[in-house]
Amino acid sequence: MARRFATLLALLAAGAASAQTTLQTAATHREGRMANGNGWAIDMPAKWNGTVLLFSHGFSAAPGNPPRNRPHEGAEQLLARGYALLGSSYSQTGWAVEQAVPDQIAALDRFEESFGKPRRVIAYGESMGGLITAALVERHPERIDGAMPMCASLSGVVAMENQALDGAWALKTLVDPAAPLRITGIWQAGAPQPPIREEGPAVDALLAKAMAAPQGQARLALAATLAQLPDQPDDKAPPAASPDLEGRVQAYARWFAMGVFFPRWDQERRAGGNASWNTGVDYAAQLAASGKRALVEQFYARAGLSLAGDLAALAKAPRIAADPQAVAYMRANFVPGGRLQRPVLTLHTTGDGATMVTYERAYADLVRRAGASPMLRQAYVQAPGHCSFTAAETVAGIEALSRRIASGRWDEAEVSAPGLNRAAAPIGKARFVAYQPSPMLRPCGAAVGSCRGEQAPSG
C-alpha cells in the first residue's frame with residue numbers, strides 16, 4: 001500500500017520536479033515566491049503569441065512546495081507555438097483548493113507585472129488542478145478567457161467523496177466489518193498529524209483478504225462497481241468484452257486504493273470533519289443504475305454467493321452520516337455551479353482509475369442545468385491511466401480552445417474526435433474517440449439540499 005499511495009501522489013502531483021527541466025525552446029524563465037509562501041514560475045517564449053496558459057497542478061505533498069507551470073506532456077510544443085507558461089505552487093500543499101484559486105490569480109498578477117496584460121488567458125490543469133481550473137473559470141471570468149480541465153475531479157469534491165465512500169464502505173462491510181480501517185473520521189480535532197498514509201496497511205490487508213478467495217473477489221467487484229472504477233484502468237486489464245473475470249478483478253484490486261481511498265485526513269482537516277455520507281442510499285438501485293449488474297452477477301455466480309443476500313446486508317448495515325458544516329466547506333471548495341461565461345473544453349481518458357470518467361458526465365449535467373451547455377465541449381482519449389495524455393493530445397486541445405476563443409464559436413468538426421486527431425497528427429500520437437460516459441451514481445450539486453440524503457447545516 002505504501003507503494004500504491006506513493007504512486008498516487010506521484011500521479012496527482014503531476015511531476016513537480018519537471019518545472020525545473022531545462023527548456024529546449026529559447027525562453028525567458030522567471031520565478032519567485034510571495035509572502036504567503038506561494039511560489040510562481042513563468043516561461044516566456046522568444047516570440048510570444050499573446051496568450052498565457054495558466055496551469056494548475058494536482059494534489060501534491062512535494063518537499064519545498066516547488067512551483068509548477070507545465071503539464072505532464074506538451075510544454076515544449078506549446079512554447080514553440082508561442083504560448084507563455086505560468087503556474088504556481090499554491091501557498092499550501094495537499095488538498096489546497098481554497099488557497100489555490102486566489103494563489104493562481106496572484107500568479108497571473110505577477111505575470112502582468114512582468115510582461116504586461118496578455119491578449120488571452122487560458123486556464124488548464126490536471127486532476128485536482130482540473131477542479132481548480134473549473135473554479136477559476138467560474139469565479140473569475142473577467143480574468144480567464146477559456147479553460148481546459150484535464151483528468152479533473154469535475155463532479156466536485158462532495159460527489160467524488162460520496163462515491164468513493166460507497167466503494168470503501170461496501171468492501172469493508174461485506175469482507176470484514178471488524179477490519180481496523182477508518183473510512184471516515186480519520187482526522188480528529190487536536191490530534192497530532194498522523195503519517196501521511198496512516199490507513200495504508202489496513203487498506204492493504206482488506207484488499208488482500210478480498211482477493212484471497214472468489215467470494216471476496218465478487219464483493220470487491222461489487223464495491224468497485226459502486227465506486228465506478230473503470231474496467232480498463234491499465235494496460236494489464238483485459239478488454240471490455242473479455243470473459244476473463246480473474247483479470248478484471250485483479251485490475252480492480254490494483255486501482256481500488258487509488259480510486260477509492262483519498263487523502264481524507266487532509267480533506268477532513270480542512271473541512272473540519274467528514275463531508276461524505278451514505279444515509280438514504282439504496283445500493284440495489286445503485287447497482288442497477290451502473291449498467292454492470294450482469295457483470296457483478298457473473299462474479300457472484302463464480303463464487304457461489306447470493307448477490308441479493310449481500311445487497312440485503314448492505315441495506316441493513318449502519319450508515320455513515322456527514323458533518324453538514326464540513327459539506328458546506330467542501331461545496332465551497334469546490335463543487336461547480338455550471339454557470340459558464342467562458343468556453344470550456346474538458347479532456348479525460350476513458351480508463352482513468354483515480355478520477356473517474358463519469359465525473360465528466362456529472363459536470364455536463366451541472367452545466368446543462370445551469371443553462372450553459374453551449375459553452376462546454378468534452379473530449380475523450382481512449383487510454384488507461386490517470387492524466388496519461390500525450391503531448392499531441394494536450395496541444396490539440398489547447399489550440400482548439402484557443403481558436404474557439406478567437407472566433408467566438410465552436411467548430412464542431414474541429415472539436416470532434418476525428419478533428420482533434422487530425423490536428424494532433426503533425427505533433428505525434430493522439431487517441432481521441434467519440435465516447436459518452438455513464439451517468440455518475442452519486443451526483444451532488446452546488447446548491448444546498450441538491451444531493452440525496454443530504455442534511456441541512458445547522459445555524
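**Close-ups of aromatic pairs in a predicted model**

**View 1. Phe-111 and Phe-115 sit four residues apart in helix 3 (residues 97-115), about one turn of the helix.** Helices here are DSSP runs of H or I, at least four residues, numbered from the N terminus. This is a predicted model, where local features need pLDDT of at least 70 and side-chain atom pairs count only at 80 or more, while totals for chains, interfaces and linings use all residues. Residues are numbered from 1 along each chain as its sequence is written, and side-chain values use heavy atoms, with hydrogens and water left out. A search of the whole structure turns up six aromatic pairs. In this one, the ring centres are 5.3 Å apart and the planes are at 40°, so Phe-111 and Phe-115 make a tilted pair. (Rings of Phe, Tyr and Trp, the last by its six-membered ring, pair with centres within 6.5 Å; planes under 30 degrees apart are stacked, over 60 edge-to-face, the rest tilted.) Phe-111 is buried at 0% relative accessible area, while Phe-115 is partly exposed at 24%.

**View 2. Trp-169 and Tyr-283 are stacked, because their planes are at 20°, with ring centres 5.3 Å apart.** The pair links distant parts of the chain, 114 residues apart: Trp-169 is in helix 5 (residues 157-175) and Tyr-283 in helix 10 (residues 283-290). Trp-169 is buried at 5% relative accessibility, and Tyr-283 is buried at 2%.

Key. Helices (H or I, at least four residues) and strands (E, at least two) are DSSP runs, numbered from the N terminus. Buried means under 20% relative accessible area, exposed over 50%, partly exposed in between (1.4 Å probe, protein chains only).
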